[in-house]
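Student: Could you take me through a few features of this model and show me how each one is read?
Tutor: Gladly; let us look at the structure together.

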Amino acid sequence: MATDTAATTGTATPDEPLYVNGQAELDDVTSDNDVVLADFYADWCGPCQMLEPVVETLAEETDAAVAKIDVDENQPLASAYGVRGVPTLVLFADGEQAEEVVGLQGEDQLRTLIESYTE
């Protein structure tokens with residue numbers, strides 16, 4: 001999957017999820033954006049597929065960047081963040097890991113979590 005690095009330039013957050021491959025790309029996304037919601041997912045995961053439209057909406061409608069990380073392609077990265085189940089969502093604020101939620105989450109809950117760091 002291609003990473004859309006052009007969307008991270010400038011001051012506006014990207015309005016669609018960025019597919020991240022590796023620690024260096026995640027570091028770039030978290031340093032370029034104040035708030036990042038990292039979605040650790042797997043293509044075979046049913047709850048991950050159900051979460052997909054939610055994270056797309058959050059990327060479009062909130063001030064957070066959304067990073068998508070395929071755990072099958074990025075096992076060392078998933079391991080570094082202690083991901084044991086998917087979906088796992090890690091929220092970064094000012095480049096630092098601030099929150100982690102595991103399992104399918106509702107849009108309202110995730111929006112509230114993001115807004116607690118963007119407002």
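Student: Where is the place of T118?
Tutor: T118 belongs to helix 4, which spans residues 107-118, and bear in mind throughout that this is a predicted model.

Student: With what is T118 in contact, leaving aside its neighbours within four places in sequence?
Tutor: Those contacts are with V35, D63 and A64; V35 is 83 residues from T118 in sequence, yet their C-alpha atoms are 6.9 Å apart in space.

Student: Which residues of helix 1 are buried?
Tutor: In helix 1, residues 23-32, the buried ones are L26, V29 and T30. They lie on the same side of the helix because they cover an arc of only 95° around its axis, while A24 and S31, on the other side, are exposed. The cover over the buried residues includes strand 1, strand 2, strand 3, helix 3 and strand 4.

Student: How should I read backbone angles?
Tutor: Most residues other than glycine have a negative phi, and most peptide bonds are trans. Here D94, although not a glycine, has a positive phi of about 55°; D94 sits in the loop between strand 4 and strand 5 and, at 63% relative accessibility, counts as exposed.

Student: Which peptide bond is cis?
Tutor: The bond from V86 to P87 is cis, its omega being near 0°, and P87 lies in the loop between helix 3 and strand 4.

Methods:
Residues numbered from 1 in each chain as written. Predicted model: local features only at pLDDT ≥ 70, side-chain atom pairs only at ≥ 80, totals over all residues. Heavy atoms only, no water. Buried < 20%, exposed > 50% of the residue type's maximum accessible area, 1.4 Å probe, protein only. Helix = DSSP H or I, 4+ residues; strand = E, 2+ residues; numbered from the N terminus. Arc of directions from axis to C-beta. Contact = heavy atoms within 4.5 Å.
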